[in-house]
Amino acid sequence: MSEPATNIGAKVAQFPRAAALAEKEPPFIRVEGVTKRFGSFTAVSSVNLEIRKGEIFSLLGGSGCGKTTLLRMLAGFEDPTEGRIFIDGQDMTDLPPYERPVNMMFQSYALFPHMTVEKNVAYGLKHMDMTASQRADRVREMLALVQLSDFSHRKPHQISGGQRQRVALARALAKQPKLLLLDEPLAALDKKLREATQFELMDIQDKTGTTFIVVTHDQEEAMTLSSRLAVMDKGRIMQTGTATEVYEYPNSKLVAGFIGSINFFEATIRDVRDDVATVDAPELGATVEARAIPGLSPGQPITLAIRPEKLTISRSKPEGPNAISGKVRDLAYFGKDSLYRIELPSGRVLSINSVNSRRVGENERVADWEDAVWLSFDPSSAILLKD
Amino acid sequence: MNRRPVFLITMLCFGFAFFYIPIISMMVYSFNGSRLATVWGGFSTKWYISLLSNRQVLKAVILSLEIAVLSATVATILGTMAGIAMARFKRFRGRTLFSGLVTAPLVMPEVITGIASLMLFILMAEYIGWPATRGFTTVTLAHITFSMVFVTTIVHSRLVQADEAIEEAAMDLGSRPWQVMKDITLPVISPAILSGWLLAFTISLDDVVITNFTTGPGTTTLPILIWSKVKLGVTPDINALATITVVIVGIGVFTAGWLLNRAEKRRELDIQLAYQANQ
């Protein structure tokens, strides 16, 4: 299996085309003030989105956040209550699904059970202006793309789940849509297959150059797959950006908590100087420094957030401004890293992730149960959040 | 824990006995050489031979088959449409009323349906002049009315199980709603439509009550013929006629069940093979 998908920087670098285009061209897909209400329930609430050509864009959120409804409006299965949807400069809002240059890969794959793999892939082509041999060529090309050429005469129930997923992808790509929508494309696969398929999807996207919009509840999947992603909650878009931007610079408690794990502390601003804010955090039992955000004033209540891997653990008091003392309450050894749960004097428990970069024996590790330890972090790694 | 569930087996035997002893004794007595239905007079097939030369019986059989085929076909078309409407149009005004009205005949006493049909036909003949007399047309119409609901129920339950996303997928790939119906929905529910047709066919074939109300002079279906003959006393030729009917209906129902079952078994086997190949 391929290496674990944790190196976010490397993944972003895999989208040179999207990055280059982002600078020049107008947005390929524009969602303007789209709202969808079902009776008194608002599923999607004034969403604005701009997506560039050739991007893999993820809509990320928990169940009921409105991501699937937004996807279904892009496909044409739901009409927006308000707002408009443009694809490649054309207004799509009032077009039925069968007149949009958009195809969708369904979460259940929705393969036609009474047709062979080949017929499934060919289905969309019968409405296109093509000769029979062009159609046959396209089907062959698509099956080769997803490595299913040997299975063309099987029925959907005669192939495995992973193969069905690839048939669904080939079928959705066969018409060469301007936009491909993927509804939880990997949710039905087991973990091992999911990782392999992620890279396969990216590879296919790169080969075809089709713009992808992916709906997912899995933050790791969204971060690995996408060039940019939007975090949704209660029908609203909370933040849009690259995986790095959303992970390292979340704009709200909700986004910070949804993507990855994080420690939150109630705090008060004491002082702001240049780009460093001094913050009183009684739960940490210390006054610490953090990178300032615009619009802070002394006395203002604020949330201080620190990701577990940004904390350093040591036995002696470290140099620098942000040193906190505590006691090891729990310790989990995962091999490549360890998770510590540190109890602070205030009673709060804080998580730390520490990479085991040196090979050490059972009795030589940095800290053990009940040990008194010091924690520290770089001011630039601490996140301040207004809400 | 390996003890046989004696109680369950006993109950099963009683159940089978309850259902089939009457039918089996009727079949045995159809080979009775005696003229008296209840006295055994040796094995004979003479009643079957005499049936085949009885024009009245043959006419009734053909009429019954004609009515059954025609009414089952029309009922299947209408019932399928109603089933699709109930399963796919989720939010329309009066949906509950509609499904209530469609399924009500399922629990309506046949006598009531029969009287109601008769009243309607009399009024129609009086005011619009059609159907002028009661007979083939009125019986067929009445059969359509009450067998349609069975088709609707079967089609509806099949559609509710089917993944609605496959219809959306077809639309997403460029098919208009009628093409989706033709390419996807109908093929997927075709086994349900077929079993609906067979059910409507058998219901029409053995109906006495409603036929009795809606038929007219000269239109004698097989069950009506048997019924009228029984009034003069049970004779071995009626046993033979009933045996033939049971065999025909039995073969039809068994074939339909076997076809559906085989398709399902083959599907399961394929799924297993696919999983094994994937290991």
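The largest cavity of this predicted model is lined by Ser64(B), Ile67(B), His143(B), Ser204(B), Leu205(B), Asp207(B), Thr211(B), Thr221(B) and Pro223(B). Two elements of chain B, α3 (55-88) and α8 (177-205), each give two or more residues to this lining. A cavity is a set of points on a 1 Å grid over the protein atoms alone where a 1.4 Å probe fits but cannot get out, and lining residues have an atom within 4 Å of a point. By class, three lining residues are nonpolar, five polar and one charged. The volume is about 30 Å³, taken as the space filled by probe spheres set on the points, which are joined across faces, edges and corners. One cavity of 30 Å³ or more is found in the whole structure.

In chain A, four strands form an open antiparallel sheet in the order β2-β1-β4-β5. Strands (E, at least two residues) and helices (H or I, at least four) are DSSP runs numbered from the N terminus; two strands pair if DSSP finds at least two bridges between them. β2 (41-51) and β5 (90-91) of chain A are the edge strands, each with a single partner, so one side of each has no neighbour in the sheet. β1 (residues 29-38) of chain A is joined to antiparallel β2(A) by seven bridges, and Lys36(A) lies opposite Val44(A) of β2(A). Helix α3 (residues 67-75) of chain A packs on the sheet and touches β1, β2 and β4 (82-87) of chain A, contact meaning heavy atoms within 4.5 Å. The direction of this helix makes about 115° with that of β1(A), with axes fitted to C-alpha atoms, for helices over the stretch in contact, and angles running from 0 to 180 degrees between N-to-C directions.

Residues are numbered from 1 along each chain as its sequence is written, chains are lettered from A and ligands numbered from 1 in the order in which they are written. Local features need pLDDT of at least 70 and side-chain atom pairs count only at pLDDT 80 or more, while totals for chains, interfaces and linings use all residues; side-chain values use heavy atoms, with hydrogens and water left out.

Methods
1 Å grid on protein atoms, 1.4 Å probe; cavity = no way out; pocket = protein on both sides within 12 Å on 5 of 7 lines; lining within 4 Å. Nonpolar A, V, L, I, M, F, W, Y, C, P; charged D, E, K, R; others polar.
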